[in-house]
Every structure is written in structure tokens, then in C-alpha cells.
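Biologist: Could we go through this model together? I would like to ask about individual residues, then the helices, then the ligand.

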Amino acid sequence: MSNLKTQAWRGAGLATVALGALLATPLVAIAAEPTTTPTFTKDVAPIFQAKCEACHRTDSIAPMSLVTFEETRPFASAIKARVAARQMPPWHIDKTMGIQKFKNDRSLTDDQIDTIVRWVNAGSPKGDPKDMPAAVKWPNEQVWNFAPLFGQTEPDLIIRSTPYLQKAGAQDAWWKPSVPTGLTEARWVRAIETRPSTVKGRKIVHHAIARLQQDESLAPADLRDPDVDSSAAAAAGGGGTFSEWAVGKQGEIMRPNSGKLMLPGARITWDIHFSNGGEDITDVVELGIYFYPKGQEPKYRQTLGLWGTGGIDIAPNEVKVTQGFHTMARAGRIESVQPHMHLRGKAMSIEAILPTGQKQMLSYINDFNFNWHNSYVYADDVAPLLPKGTIIVVTAWHDNTAAKKSNPDPTQWVGPGDRTVDEMAHAWINVTYMSDADYVAEVEARKVATTTQQQQQQ
Ligand code: HEC
């Protein structure tokens with residue numbers, strides 16, 4: 001647990017950061033003499049290759065390519081503004097509190113931001129073409145990239161959404177077809193890969209969430225999702241989110257010895273966000289599922305909880321805070337968190353109150369943006385291990401004032417609902433539940449791993 005930041009740390013952390021920023025300013029100014037002027041080819045291109053090209057290249061989701069100097073130069077001032085405000089790349093985790101190590105972190109470091117800002121301030125020079133790094137070879141997104149990992153040419157099961165036509169100039173659309181999986185027996189999933197089915201489709205598929213709807217009462221009792229306790233609730237939605245895909249992502253490979261369990265009769269309900277591609281485009285999103293071979297079933301099951309706040313009742317021009325509490329019925333490891341709010345969503349924090357009373361900030365999403373349904377996937381060595389009885393506290397802030405840029409109308413009262421002009425406040429929380437004995441073993445194993453790592457660093 002020592003790797004988690006506590007409440008007490010939080011105040012100290014903020015103070016340190018503020019002081020650090022004050023001290024850093026004059027130092028940077030002194031260091032930024034001509035000899036250190038960053039150039040595109042030497043300093044900026046490597047950053048863009050690592051943090052921007054996933055989306056900013058031809059035929060991907062972003063409006064412009066940032067691959068060559070010529071393509072990038074016209075956007076220099078917009079780049080500076082977006083990068084300095086941490087609006088690009090889209091990653092909305094507060095850097096001063098909570099867990100900071102993720103498997104899918106695409107944010108910039110302070111140094112990288114500083115380099116980009118100094119490059120723009122210096123007139124965005126190109127630099128020596130010889131410094132330009134070799135072009136990134138992006139994986140062919142029209143093939144199944146995980147298949148070779150398992151010695152296959154294709155996933156074991158491919159599930160397709162139904163086709164959707166996004167007309168040129170149409171507003172963003174959310175497409176939610178439900179399709180059967182055709183499964184007649186339970187199967188354990190070890191990897192999931194998602195892809196829009198065409199190159200053009202990649203221009204409009206902003207994100208695609210696949211929910212697994214299945215009857216939880218069909219699962220073995222010790223593996224049943226503890227949050228789905230009545231069979232009626234189970235039939236309505238047990239199984240939780242199956243996969244969450246957004247631009248720049250390929251899919252999810254489960255942690256060792258854990259997987260998702262698909263039950264007979266399962267259905268996939270899609271939630272696909274199509275943005276405008278400037279021309280009529282029809283697309284289907286495909287889900288490629290890789291199963292553990294029969295007889296090699298993993299020990300742990302990952303399920304996805306929807307833990308929300310409730311009580312959304314927001315007056316015009318009001319900033320409203322709501323809070324919800326969820327008690328973990330079993331011990332578990334939190335794999336990932338994904339806040340869900342709509343256009344007035346401003347921020348969300350996810351904290352844990354341990355049975356000892358100690359409180360820990362897990363993650364604080366301080367600048368929520370409805371365009372980006374990011375799932376924050378914790379790194380293996382910091383994914384919070386929590387004992388049975390831990391209370392997860394979800395706190396949501398909604399901003400119904402004109403200060404929130406995406407707010408369509410601050411004079412409206414806002415209540416809960418499905419439409420994007422209504423509101424929601426919950427986090428999708430991916431948990432691997434385990435027995436108390438396994439929990440103790442996992443905590444011990446992590447202590448050993450951490451100590452070994454520290455010794456190796458000395
Ligand atoms: C996950 C995909 C993704 C990544 C990674 C990403 N962007 Fe973007 N970017 C977008 C999309 C989509 C838009 C348009 C919608 C929006 O503004 O949110 C955009 C918009 C922008 C804009 C505004 C363009 C305009 O017309 O004014 C800038 C500037 C920008 N990005 C720069 C960057 C830079 C620099 C990086 C890397 C340091 C980066 N982005 C990383 C997807 C991405």
C-alpha cells in the first residue's frame with residue numbers, strides 16, 4: 001500500500017509542486033539560450049512520434065497530420081496552446097495526487113511540454129534534416145495484430161456491430177446495437193482486440209465500448225460478480241463492460257492468470273461514438289476475442305463495476321458535487337478506472353477508505369472532457385490491492401455555468417438521463433476479485449518485487 005498517495009501526502013504534494021513551479025521558471029529561462037533552442041527534427045519530432053502520431057497521421061482520427069515539419073508548422077501556435085494546457089494529448093489525470101503509473105499513459109512529461117513550448121517560442125525552426133528520426137512504422141491496422149501472439153491467424157471469435165452510415169456534416173452520433181455472441185458454453189477470454197473495419201471508418205470511430213450482457217447466475221458461485229446479486233439484475237446486465245476502445249489503441253491483453261468470463265447466451269451491446277468524417281462513411285466495428293484454451297482456465301476473473309454517485313439535480317449556473325459509496329464485497333485488485341459524465345462533467349475523484357479508516361486517493365481526473373472516454377489502466381506494480389470491506393468513494397463535479405466550454409446551455413436545470421444534455425456520474429471500475437488468502441499473497445508478492453527493484457537500483 002505504501003506506493004499509494006495518502007490524503008496527508010496530497011497537501012504536501014501540492015505545496016511542493018507549486019514551489020517547484022516558482023523555482024523552475026527563472027532556471028528554464030536562463031537555460032534557454034541559443035545553444036539549446038529546440039528544433040523540429042532533433043527535439044520535437046521524437047516527442048510527436050511517441051505521443052501524437054497515433055492519432056495525428058493520415059487516415060487517423062485527428063484533423064491534421066503531425067508527422068513532417070511541413071505538415072506541423074502551420075499548427076505551431078495551436079500546438080503550443082493545447083500542449084501547455086495539457087489538453088493534448090487527451091489524458092486528464094491530475095499529476096499531483098493519486099497513482100501516477102499507467103499502462104496506457106500518453107501524456108507529456110513536464111520536460112516534453114517545455115521543449116515544445118520553447119520550440120514554438122523560438123519560431124518553430126526546422127533544424128538539420130539529418131537529425132530527423134526514422135519514420136515510425138505503424139502497425140497495419142487492417143490485420144489482427146494479437147493473433148500471432150497466440151500462434152493464430154485470426155481471433156477465436158469475431159463479433160461485428162451492425163453497419164452505421166455517418167453522413168457528411170452530420171453531428172456526432174452514438175450507435176448502440178446489441179448483437180448475440182452465439183456462445184453456447186462458458187469461455188475464458190485472454191485478449192480482446194477492437195478495430196473499425198475500414199480505413200475510412202478509422203476517421204469517424206472516436207471510441208467503441210462493448211458491454212457484455214449475460215446471466216450471471218450461470219457462473220460458478222465463487223466466480224460470480226459479487227455486485228450482481230439478484231438474477232433479475234444479472235440477466236439485465238451482468239458481466240459489465242467487455243472492452244473499451246479509443247483511437248490509438250488496439251485492445252487489451254489480460255494480466256497473467258486472469259481473464260474475462262463469457263457465459264452461454266451472452267450478448268454484446270455496443271456504444272460507438274461516430275464523429276464527422278467530412279463525407280458519407282459507413283462502418284462496422286469488429287471485436288476480436290481470443291480464448292484461453294480449454295483446460296488452461298485462469299484463476300482470477302475480471303469484472304467491471306459501474307459505481308456511481310446518484311442524486312444529480314443541478315440548478316442553472318451551478319457547480320454541483322455528488323458522491324457515492326461502494327463497499328467491496330470481496331478483496332480485489334483495481335485494474336482500471338474510467339469516469340463517465342456528459343457535457344457538464346468537470347472532474348471526478350476515486351478514493352478508497354480502507355477497513356482501518358485510512359483514506360487513499362486512487363485517481364483524480366481533474367479536467368474531464370466528454371470527447372475523450374479514457375480508461376486509465378494502472379501499471380502492474382501499482383494497481384491498487386484492496387481488502388474486503390474497502391469503501392470506494394466516487395466524487396463527481398458538474399459545472400453548469402458558462403465557464404464549462406462544452407456546456408450547451410447554463411440556464412437549464414439538468415437531471416439524470418441518457419441524452420448527452422442530461423447528466424450521468426459514475427466510474428467504470430475494472431476489478432479482479434480474489435479470496436482473502438490470495439489477497440494476502442498478492443500483497444506479499446508485491447512487497448518482495450518492490451524491495452528487489454529498490455535493491456537493484458542502488
Ligand atoms: C488519442 C488521439 C490523439 C492524440 C494522442 C493526440 N491528439 Fe491532438 N487531436 C486529436 C483529435 C481527435 C483532435 C480534434 C478534436 C479535439 O480537438 O479534441 C485533436 C486536436 C488537436 C489540436 C487542435 C487542432 C486545431 O485545429 O486547432 C492540436 C493543436 C493537437 N491536437 C495537437 C496534438 C499534439 C501536439 C499531440 C501530441 C503531443 C496530440 N495532439 C495528441 C487526437 C489526438
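Biologist: Where does Leu306 lie?

Modeller: Leu306 lies in strand S13, which covers residues 300-308. Please keep in mind that this is a predicted model.

Biologist: How far apart are Leu306 and Ala427 in sequence and in space?

Modeller: In sequence, Leu306 and Ala427 are 121 residues apart. Their C-alpha atoms are 5.8 Å apart in space.

Biologist: What share of the contacts in the whole chain is between residues 24 or more positions apart?

Modeller: Such pairs account for 83% of the contacts with a separation of 6 or more. The protein chain has 458 residues, and buried ones make up 34% of them. As for elements, there are 8 helices and 21 strands.

Biologist: Let us turn to Asn374. Is Asn374 buried or exposed?

Modeller: Asn374 is buried, because 24 other C-beta atoms lie within 10 Å. Asn374 sits in the loop between strand S17 (359-365) and strand S18 (376-377). Its C-alpha atom is 9.9 Å from that of Ile93, although Asn374 and Ile93 are 281 residues apart in sequence.

Biologist: And Glu70, buried or exposed?

Modeller: Glu70 is exposed, because it has 10 other C-beta atoms within 10 Å and 12 or fewer is the cut-off for that class. Glu70 belongs to helix H3 (residues 69-72). Glu70 and Lys126 are 56 residues apart in sequence, with 8.9 Å between their C-alpha atoms.

Biologist: On to the helices. At what angle do H4 and H5 pack?

Modeller: H4 and helix H5 (residues 110-121) pack at about 150°, and their axes are 9 Å apart. That angle makes H4 roughly antiparallel to H5, because angles over 145 degrees count as such. The crossing of H4 past H5 is left-handed.

Biologist: Which residues make that contact?

Modeller: H4 contributes Ala76, Ser77, Ile79, Lys80, Val83 and Ala84, while H5 contributes Ile113, Ile116, Val117 and Val120. By class, the contact has 8 nonpolar residues, 1 polar and 1 charged.

Biologist: How do H2 and H5 pack?

Modeller: The angle between H2 and H5 is about 135°, with the axes 10 Å apart. H2 and H5 are therefore oblique to each other. Their crossing is left-handed.

Biologist: What are the contact residues in that case?

Modeller: They are Phe40, Asp43, Val44 and Ile47 from H2, together with Gln112, Thr115, Ile116 and Trp119 from H5. This contact of H2 with H5 divides into 5 nonpolar residues, 2 polar and 1 charged. Ile116 of H5 was also named in the contact with H4.

Biologist: What about the phi of Ser124?

Modeller: Phi of Ser124 is near 45°, again positive in a residue other than glycine. Ser124 is placed in the loop between H5 and strand S1 (157-160). Ser124 is buried, because 22 other C-beta atoms lie within 10 Å.

Biologist: Which kind of peptide bond joins Met88 and Pro89?

Modeller: Met88 and Pro89 are joined by a cis peptide bond, with omega about -10°. Pro89 is in the loop between H4 and H5.

Biologist: Finally, the ligand. Which residues come nearest to the ligand?

Modeller: Of the 23 residues around the ligand, the nearest are Cys52, Cys55, Ala62, Met88 and Pro89. The elements that give two or more residues to this shell are helix H2 (40-51) and helix H4 (76-84). H4 provides the largest share, 4 residues.

Biologist: How many residues of the shell are nonpolar, polar and charged?

Modeller: The shell has 17 nonpolar residues, 3 polar and 3 charged.

Definitions and conventions
Residues numbered from 1 in each chain as written. Predicted model: local features only at pLDDT ≥ 70, side-chain atom pairs only at ≥ 80, totals over all residues. Near = placed C-beta within 6 Å. Nonpolar A, V, L, I, M, F, W, Y, C, P; charged D, E, K, R; others polar. Buried ≥ 20, exposed ≤ 12 C-beta atoms within 10 Å, placed from the backbone. Contact = placed C-beta atoms within 7 Å. Axes fitted to C-alpha atoms, helices over the stretch in contact; angles between N-to-C directions. Parallel < 35°, antiparallel > 145°, perpendicular 65-115°, else oblique. Left-handed = near helix turned anticlockwise from the far one by under 90°.
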